[in-house]
Amino acid sequence: MPVRRETPERLKQELFGFQIFFITLSAVIGSGIFVNNGSALAISGPLGLILAALITSVVILSVNECVAELTQQFPVYNAIVEYVRTFVDDDLGWVIGLVYWYAYAASFASQNSMAGSLLAYWGLGTTWRALICYALAPIVFLLLNLTGVFWYGIVETIGGFLKLIMIVSISIYLYAIAGNVSSPKFEAGMGFENSGHAACFAIPITAYAFQGIKLYAMAAFEARDAHAIRWPSRWISYVVVIVYIMCTVGEILTVSWNDNRLPRLHDGAQESAFLAISSVGSASSMIILAALNTKSKTMASFLNGCLLFSAFSAANTSLSMPREFWVTKKLSILSQGTRVPVGALLATVLAFCWVPFLRLNNGFVTQQVVQVVSTSASNAIMIVWAVICLAFLRYYYWLKKHDPELRHSSRPEFIRDSPQYSPRGSLLVIQPVQAWVGLIGCIAIFAFSSATWWGSHATVTEVAMAYGAHLVVVLLLVVLKVCRRRKEWFRATPSAVQLLNILNDLRVRKIDQWEPTTLERAKKVSVLLLHISSLIVESAGNKLSDDWSTVQNVLLL
């Protein structure tokens, strides 16, 4: 019998569906799509980058199908955590929530750090960069988030819309200046001796750029209703994949894979400058390099400004994640009026505020630390994706096992082929294929993360980058199991009655018990307008009749 978990104290629910769409888009389009591609290109060559982008896209779309179906069926608060707690394990759900928070807290620091590197392109001094990006920007983002979801939603919606226009425009620009820079084949660069190993390692690097793709599931805290989550959950991943591939192809057509200005990795085995801009007018981002290759410094400067805006916007979106997940009850205390978890926001700002300041020291060791923090945060997201696919698989097979009992109990909302089943999507019928593809794809990405030491000895940095997040997750889970004295590692398969109780528990904790569709809302508005029109016509008709009677009486007199 599942234990009923109470719905947490609510934030203000003011976000529309289009706002959640653009907020998620803003989280995805940070600096990674422009910089990670450069690392992948330098490692594996043009064909390696294309293959990595295609494989990553398939994994992303597969994982999203799982998250979208669960989110549409059970749009509950703290959604990702609740799905894992309900269908996999209660302790693992708590750990996944903490891992999700860590990923975005570290990303907040990394994006601000990247912004500081971008300012160096214009010759801004170290002191001013530190003041603007490492101190002033976090304070401004904190104050913006403290104003409440209304103003945050407006700012992030505008930011996401501008970033969508930006990436499409940049892609068109790259096609316009495209040249014959390199032949489309696999390569082995940056210390790799085998092109196969290089191609494998390019896959996790490209996957890291999709870090915020599932943010809409956690946005349920501030969505106006369940309908506001349904549309973004279905389409955001397709839009992101399309624009990502557009930009990737444009970058390949304009920058050579052996350009020594491309970003390098601090893997502990080679001296390199990862994501660093060390002098005025130099850059490591592919789109800036493409502009510099055409001798257009003005366009390069403009594109650097676009990247700066993109990094700041992604940092602001990353900071908002504590609004969706709270580590402790003390951090979940909401402010009066704005209904914002002040403690959680402060914890996120302060947790990794020291990371950007490591950029001020160009030492090899400090740069390795920055690399490990950034990469482990991305790996943490990949862990969340894998666990979500596992949660969906258990949900799917539980429904399949007890399908006769669910039909007999007259609960069509829990039967996947029933018209009353809430989720909508053209690919629902081929589940659980996507769930298996997503899970296996994530596991393969975990394996490929170790490609830097295939055939050689691994450094401490390489191990920390590849599996530091995984080791921490296992350690936290073991400690939690020991402290709570729980022997089971997975929730046992429930009986039909238990499954109904589990599904009912999620169902009654939906954002809304019922929400009309867009068509139903339109019909209601149409009926209301017709009713108002009829009242106006009727009132006007009665008044005209009264006026005519008055005229007749006057004439008779």
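Author: Buried residues make up 56% of the 557 residues in the protein. Keep in mind that this is a predicted model.

Reader: How many helices and strands are there in the protein?

Author: The count is 18 helices and 0 strands.

Reader: And what share of the contacts comes from residues 24 or more positions apart?

Author: Taking contacts with a separation of 6 or more, 83% are between residues 24 or more positions apart.

Reader: Now the inside. Which residues touch the most other members in the largest nonpolar core?

Author: Phe 34, Phe 74, Phe 87 and Tyr 395 do, in a core of 132 residues. Helix H13, residues 364-401, gives the most to this core, with 17 residues.

Reader: Pick Phe 87. What does Phe 87 touch?

Author: Leaving out residues up to four places away in sequence, Phe 87 touches Leu 70, Phe 74, Ala 391, Arg 394, Tyr 395, Trp 398, Ile 502, Leu 503 and Leu 506. There is also a second, separate core of 11 residues, which includes Leu 98, Trp 101, Ala 105 and Ala 106.

Reader: Charges next. How many salt bridges does the structure hold?

Author: It holds 13 salt bridges. One of them joins Asp 90 and Arg 484, with the closest N and O atoms 3.3 Å apart.

Reader: Where are those two in the chain?

Author: Asp 90 is in helix H4 (residues 90-119) and Arg 484 is in helix H16 (residues 460-484). They are 394 residues apart, so the pair links distant parts of the chain. Asp 90 counts as buried because its relative accessibility is 17%, under the 20% limit. Arg 484, at 36% relative accessibility, counts as partly exposed.

Reader: Which residue forms a salt bridge with Arg 486?

Author: Asp 91 does, and the closest N and O atoms of that pair are 2.8 Å apart. This pair links distant parts of the chain too: Arg 486 sits in the loop between H16 and helix H17 (496-508), Asp 91 sits in helix H4, and 395 residues separate them.

Reader: Is Asp 91 buried or exposed?

Author: Asp 91 is buried, at 0% relative accessibility.

Reader: Change of topic. Where is Gln 431?

Author: Gln 431 lies in the loop between helix H14 (403-408) and helix H15 (433-448).

Reader: Is Gln 431 buried or exposed?

Author: Gln 431 is buried, with a relative accessible area of 5%. Not counting residues up to four places away in sequence, Gln 431 touches Glu 65, Cys 66, Glu 69, Phe 392, Tyr 396 and Arg 416.

Reader: Which residues make the nonpolar surface patch?

Author: Val 58, Leu 427, Val 429, Ile 430, Val 433 and Val 437 make a nonpolar surface patch of about 480 Å². Val 433 is found in helix H15 and counts as partly exposed, at 49% relative accessibility.

Reader: Last topic, rings. How many aromatic pairs turn up in the whole structure?

Author: A search finds 18. Among them, Phe 108 and Phe 141 form an edge-to-face pair, 6.4 Å centre to centre with 75° between the planes. Phe 108 is in helix H4 and Phe 141 in helix H5 (residues 126-146), 33 residues apart. Both Phe 108 and Phe 141 are buried.

Reader: And why is the pair of Tyr 396 and Tyr 397 edge-to-face?

Author: The planes of the two rings are at 85°, so the Tyr 396 and Tyr 397 pair is edge-to-face, with ring centres 5.2 Å apart. Tyr 396 is buried, with a relative accessible area of 13%, whereas Tyr 397 is partly exposed at 35%.

Reader: Which residues do ring pairs link into a cluster?

Author: Phe 74, Phe 87, Phe 392, Tyr 395, Tyr 396, Tyr 397 and Trp 398 are linked that way.

Conventions
Residues are numbered from 1 along each chain as its sequence is written. This is a predicted model: local features need pLDDT of at least 70, side-chain atom pairs count only at pLDDT 80 or more; totals for chains, interfaces and linings use all residues. Side-chain values use heavy atoms; hydrogens and water are left out. Helices (H or I, at least four residues) and strands (E, at least two) are DSSP runs, numbered from the N terminus. Buried means under 20% relative accessible area, exposed over 50%, partly exposed in between (1.4 Å probe, protein chains only). Contact means heavy atoms within 4.5 Å. A nonpolar core is a set of buried Ala, Val, Leu, Ile, Met, Phe, Trp, Tyr and Cys residues joined through side-chain atoms within 4.5 Å. A salt bridge is a side-chain nitrogen of Lys or Arg within 4 Å of a carboxyl oxygen of Asp or Glu. Patches are made of residues with over 30% relative accessible area and no salt bridge: like charges are joined within 9 Å, nonpolar side chains (Val, Leu, Ile, Met, Phe, Trp, Tyr) within 5 Å. Accessible areas come from the Shrake-Rupley method with a 1.4 Å probe; for residues, only the protein chains shown count as cover. Rings of Phe, Tyr and Trp (its six-membered ring) pair if their centres lie within 6.5 Å; planes under 30 degrees apart count as stacked, over 60 as edge-to-face and the rest as tilted.
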